[in-house]
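Subject: Handover of a structure and notes on its contents

Dear colleague,

I am writing to hand over a structure for your study. Please open it first, and then read the notes that follow beside it.

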Amino acid sequence: MAEVYYYLPAAVAARAVECGLKLSEWYDKEVMIEGQMKKCLSALLNPKDDLKKYQSGDLVCVKIDMPSKYCFVADKLLYLIGQNSKEGMDMYLRSIIPIEDYIFGSYRLPECLVTSTPIAGQISVLDKRMDSPILFNSSEELYINNTIEVLREEHDDINDALLYSFFSELVKRGRLEKIENGEEGLALFLDRGKNKYFIVNVPDMGRY
């Protein structure tokens, strides 16, 4: 079974628990999955993956327990990019995999495509205090942390490279000043307004 999350208007949630969510009424996209066009209800792997809905007083988060064979994970950000890019949409379609094959942290904003009607008994209102513990804060945070960790394994100076690039951009915008010592390989970034400074090892950007 797969455990996914979906937001409903408060007035609809109680009925959904009792009667289910008819896919033909609630689907939000049709995509090619395993060679067939299928209607899909786009759910979340983590209720905090849509923080606005999570904090909304007008919506209720329901937990859906579905047989895994009806659940596929896709990269939602590729879908959004694909609205203006055929290549992006092709990449989105290739990103669709069975939920049991998905490794958490692989997609910045994963969506679970539910391809069958969630029936009564498979839907319950999420109790944010007492329900099953969520093992990570959000998919986006996990994705970013994983990406940086992979870069750290490949490049031992990635932290300096990220900081140097970020602070250099602020220098271009006039937010910071930079003093660089090429011989020592050090860069001093000054924030005179806040009376703060940052020292960064100058990375060898040619390595990348």
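Contact, as the word is used below, means heavy atoms within 4.5 Å. Please also bear in mind that this is a predicted model.

**A residue in a loop**

With that meaning of contact, which residues does Gln 122 touch? Leaving aside residues up to four places away in sequence, Gln 122 touches Lys 63, Ile 64, Asp 65, Met 66, Pro 67 and Thr 117. Gln 122 belongs to the loop between β7 and β8, the latter being residues 123-125. Is Gln 122 buried or exposed? Its relative accessible area is 15%, and buried means under 20%, so Gln 122 is buried. Gln 122 and Ala 16 are 106 residues apart in sequence, while their C-alpha atoms are 9.8 Å apart in space.

As background, the strands of a sheet pair through backbone hydrogen bonds, either parallel or antiparallel. Five strands of this model form an open sheet in the order β2-β3-β7-β5-β6, with antiparallel pairing. Its edge strands are β2 and β6 (97-98), each of which pairs on one side only. Helix α5 packs on this sheet and touches β2, β5 (71-75), β6 and β7. The direction of α5 makes about 145 degrees with that of β5.

Strand β2 (residues 29-33) pairs with strand β3 (residues 36-43) over five bridges, in the antiparallel sense. Val 31 has Lys 38 in β3 as its bridge partner. The hairpin of β2 and β3 has two residues between the strands, and Glu 34 there takes a positive phi near 50 degrees. Strand β3 also pairs with strand β7 (residues 110-114), again in the antiparallel sense, over three bridges. Opposite Leu 41 stands Val 114 in β7.

Helix α5 covers residues 86-95 and includes Leu 93. Together with Met 32 and Met 37, Leu 93 makes a nonpolar surface patch of about 260 Å². Leu 93 has a relative accessibility of 32% and therefore counts as partly exposed.

Lys 86 is joined to Asp 90, and their closest N and O atoms are 2.9 Å apart. Why are these two separated by about one helical turn? The reason is that Lys 86 and Asp 90 are four residues apart in helix α5. Lys 86 is exposed, with a relative accessible area of 64%, whereas Asp 90 is partly exposed at 27%.

**Further salt bridges**

How many salt bridges does the model contain? The count comes to ten. Among them is the one between the side chains of Arg 152 and Glu 149, at 3.4 Å from N to O. These two residues are three apart in helix α6 (residues 139-154), so about one helical turn separates them. Arg 152 is partly exposed, with a relative accessible area of 39%, and Glu 149 counts as partly exposed at 38%. Elsewhere, Asp 28, Lys 29 and Glu 111 are linked in a network of salt bridges.

**The sheet of three strands**

Three strands form an open sheet in the order β9-β10-β11, and their pairing is antiparallel. Strands β9 (177-181) and β11 (196-201) stand at the edges with a single partner strand each, so one side of each has no neighbour in the sheet. Neighbouring strands of this sheet are turned by 20 degrees against each other on average, direction ignored.

Strand β9 is joined to strand β10 (residues 186-191) by five bridges, and the two run antiparallel. The bridge partner of Lys 178 in β10 is Phe 189. Lys 178 also forms a salt bridge with Glu 180, in which the closest N and O atoms are 3.3 Å apart. Both residues count as partly exposed: Glu 180 has a relative accessibility of 38%, and Lys 178 has one of 36%. Helix α7 (residues 158-172) lies across β9, β10 and β11, and runs at about 135 degrees to β11.

With kind regards,
A colleague

Key:
Residues are numbered from 1 along each chain as its sequence is written. This is a predicted model: local features need pLDDT of at least 70, side-chain atom pairs count only at pLDDT 80 or more; totals for chains, interfaces and linings use all residues. Side-chain values use heavy atoms; hydrogens and water are left out. Patches are made of residues with over 30% relative accessible area and no salt bridge: like charges are joined within 9 Å, nonpolar side chains (Val, Leu, Ile, Met, Phe, Trp, Tyr) within 5 Å. Accessible areas come from the Shrake-Rupley method with a 1.4 Å probe; for residues, only the protein chains shown count as cover. A salt bridge is a side-chain nitrogen of Lys or Arg within 4 Å of a carboxyl oxygen of Asp or Glu. Buried means under 20% relative accessible area, exposed over 50%, partly exposed in between (1.4 Å probe, protein chains only). Two strands pair if DSSP finds at least two bridges between them. Axes are lines fitted to C-alpha atoms, for helices over the stretch in contact, and angles run from 0 to 180 degrees between N-to-C directions.
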